[in-house]
Every structure is written in C-alpha cells, then in structure tokens.
Amino acid sequence: METSHHTTQQTEKEKDPNLEKISGIEMKSIGVLMTCPMHKYLEQQLETHFNLFRLWHCNSSITEFLKTHQGNTIRAVVGNTEIGADAELIASLPSLEIVASYSVGLDKIDLRKCEEKGIRVANTPDVLTDDVADLAIGLILGVLRGICASDAYVRIGKWKDADFGLATKFSGKSVGIVGLGRIGTAIAKRAEAFGCSISYFSRSQKPFASYKFYSNIIDLATSCQILIVACALTEETRHIINREVIDALGPKGILINIGRGAHVDETELVSALLEGRLGGAGLDVYENEPEVPEELLGLGNVVLQPHVGSDTVETSDAMADLVISNLKAHFSKKSLLTPVI
Ligand code: NAP
C-alpha cells in the first residue's frame, strides 16, 4: 500500500509541478500568523498544515513579537472579527502575501493597504449565511414573544403567582432590511415564510428581488415594524442607525442588529429604549465588544447575544475549512475559492 501511494504521488508531481508546493514539507515551512484565539479546529488545521505563529502568545507589543519571531517569515495572516489585519500589522510583515479572514465581514482588514501592496484577501461568505439569518429570526421572536423574559419567569417560580402576560405577534409584520446581500436575502426568505411583507434599503435596487426598494433608510424605517441591519460595515454605514432612523422606526418598532456594532449609534439606541421611543431591540453585536451598555441589561424588551451569529459547530468547521482551502490554493498558485482582492 505504502509503495503504491508513494508511486502515485510521484506520478502526480510529474504531471503537475504545482503539486510539489502543496506537499507536506513545502506547506509546513510557510509562516502563518493567527491574530487571536478562534475556533480550535481552525487552529489545529493551521498547525497541521503550516508553520503556525500565535500573536496572542506574545505579552508585549506586536512589534516585539514580530522581532522575536522574524516578521519576514510570515506570509499569511488569519484574522477574525476581533483582530484582523490593520495598517500597522501589514507594515510589520514584509513577506505578507495573503490575509485569509475567518469571517465574511472585512471591517477589521485595511483593504486599501492590501490593495496597494498586492496582498490577496479572502473571507468566508455563504457558509455562514443560514446561521446568521436563523439568529436574526430568533432575535425577532425573542424580542416580540419575550422568550428570554418568559423563560426567566418560569425558572424563578413567578408563574405560580400569575400568568406571564401578553406578548406581540411576529407573523404578518412588515420587515425592513438594511443591506440585501447574502444574509439580508436569507433573512427576507425566512421572514416571507412568516407572512411578513419585506422591503429593503441598499446602495442599489436588486433586480433579483421583488421586495419594495427604498433609496432612503429613513423612509424604510418609517414604513416597517421590524428593522434588521444586515449590511457590511464601511465608513458609509458606520452609525447608519442614528437618532433619526430610530425615531422613524418609533415606539412600537423593533431594531435587530446582526451586522456590526458600529452600524448603530449605541448611545442613541440606549436613550431611545430608556425613553420608550423604540419598542425593543435584538442585538448580536455591539460597538465595544465584549462591553455591553449597562443600561441594556435590565430591559425586558431587549434580547442580547454575545456575537454568535455564525457560531455553530457545523458552520465554524465549514469556515475553518474554507480558510485552509484559500491558503492552500494561494500557496499552490491556484485561484482563491472566495477572493475579495
Ligand atoms: P454581502 O453579501 O456582501 O452583503 C452586504 C450588503 O451590504 C450588500 O447587500 C450591500 O448592498 C450592503 N451595503 C454595503 N454598503 C452599503 C451602504 N453604504 N448602504 C447600504 N447597504 C450597503 O455580505 P453578507 O454575507 O450578507 O454579510 C453582511 C454582513 O453581516 C457582514 O459584512 C458582516 O459584518 C455581518 N455578519 C455578522 C455576523 C455575526 O456573527 N453577527 C456573521 C456574519 C456576517 P449594496 O451593494 O446593494 O449596497
């Protein structure tokens, strides 16, 4: 068996000179920097296939770490929604060829710098879409039906004293989506199944969608009962949910954010909830994670999640496999599976 496997490998190498680059030894010598702890399986896979460096193992500055570990041996960075690849990190890695992000969002990567320096960028789209869309629906139900509050009501024995009270119906509500991309579209499909009318705001109208398009987010917020943020975080969309949008959504409106914390002006969100100018909120993401505004913790009309949109075993494994496949493709001079740049 061993002999025949060896012979097959040799024949394949002769056929494809690139295969030599993906043989164990070649890949193992490639320095890959992981920026912070992520999915354990991803870390194991990176360790198996590459020469893995862990940025968080360094107690001093990035510069010190890179001096000790010879920044010039690192050819790839694997970052995530917490620590990506900013201008400082990119500048410290003279041999950097690719940033393979364990996320679909690119807001923690200095894309302009990457473009300038000819550094490739890949992310993990599609494989996480269903999970994030599922969580958005979960947050809507959580807020409107008071699932967390009523669960606590049962656990602390209050049901014995009195009924929980009435919640609010989800089916048939009007849903507005900010950013009709992969996740936004998946949310729309799910909400349709609940008999909801769907409308959206994006930079352009989508020919594939029959949903009502608004070219102005205030008009969208005015017209819907549930507003869901599902767009990319860019300079344009930072604080896209401001006081005006919140007031347009109104005291019966619900805000769901599964995008990024910085999409929402959190100070405005908190005061609107405290003053009753907004009906409720379901949040997976926050401006200063893992910090969550203290005032939100006591509110029964708010459901809070610790940025877990894509955090299922199935999806995390699929995202990790995609990161590894992108790195292997790059270093064997093949096309990236999910290229950004
Ligand atoms: P996508 O397919 O690229 O969709 C992004 C959408 O953002 C596009 O439809 C784009 O629409 C819209 N957009 C960009 N700039 C905009 C602007 N200035 N105004 C309005 N809309 C704008 O990405 P995706 O896979 O759906 O992911 C979307 C985002 O979800 C990611 O960027 C990430 O931040 C977030 N996310 C969160 C979690 C979580 O755990 N909570 C997990 C995964 C992803 P137009 O081009 O038409 O404007």
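This is a predicted model: local features need pLDDT of at least 70, side-chain atom pairs count only at pLDDT 80 or more; totals for chains, interfaces and linings use all residues.

Guide: A crossing is called right-handed if the near helix is turned clockwise from the far one by less than a right angle, and left-handed if the turn is anticlockwise.

Start with helix α4, residues 40-49, and helix α14, residues 313-331, whose axes lie 9 Å apart. The angle at which α4 and α14 pack is about 25 degrees, and angles under 35 degrees count as roughly parallel. That is why α4 and α14 are described as roughly parallel to each other. Their crossing is right-handed.

Now turn to helix α8, residues 129-144, and helix α10, residues 182-193. Here the axes are 8 Å apart and the packing angle is about 50 degrees, so α8 and α10 are oblique to each other. The crossing of α8 and α10 is right-handed as well.

Val 143 and Leu 144 are among the residues nearest the centre of the second largest pocket, together with Thr 168, Ile 254 and Gly 279. In total, 18 residues line this pocket, and its volume is about 280 Å³. By type, its lining splits into nine nonpolar, six polar and three charged residues.

A record is worth a glance at this point. In an unreviewed entry, UniProt lists residues 137-309 as "domain: D-isomer specific 2-hydroxyacid dehydrogenase NAD-binding".

In the loop between β9 (226-229) and α12 (243-249) you will find His 239. Its phi is near 60 degrees, a positive value in a residue other than glycine. Further along, the loop between β11 (280-283) and β12 (302-304) holds Pro 290. The peptide bond joining Glu 289 to Pro 290 is cis, with omega at about 5 degrees.

The structure has one cavity of 30 Å³ or more, and the largest cavity holds about 30 Å³. Its lining draws on Asn 80 and Thr 81, on Ser 101, Ser 103 and the run Gly 105, Leu 106, Asp 107, Lys 108 and Ile 109, and on Arg 260. Sorted by type, the lining of this cavity has two nonpolar, five polar and three charged residues.

Note on methods: Residues are numbered from 1 along each chain as its sequence is written. Side-chain values use heavy atoms; hydrogens and water are left out. On a 1 Å grid over the protein atoms alone, a cavity is a set of points where a 1.4 Å probe fits but cannot get out, and a pocket is an open set with protein on both sides within 12 Å along at least five of seven lines; lining residues have an atom within 4 Å of a point. Grid points are joined across faces, edges and corners, and a volume is the space filled by probe spheres set on the points. Ala, Val, Leu, Ile, Met, Phe, Trp, Tyr, Cys and Pro count as nonpolar, Asp, Glu, Lys and Arg as charged, and the others, Gly among them, as polar. UniProt positions are given in the numbering used here, feature names are shortened, and annotations may be inferred rather than shown by experiment. Axes are lines fitted to C-alpha atoms, for helices over the stretch in contact, and angles run from 0 to 180 degrees between N-to-C directions. Helices (H or I, at least four residues) and strands (E, at least two) are DSSP runs, numbered from the N terminus. Angles under 35 degrees count as roughly parallel, over 145 as roughly antiparallel, 65 to 115 as roughly perpendicular and the rest as oblique.
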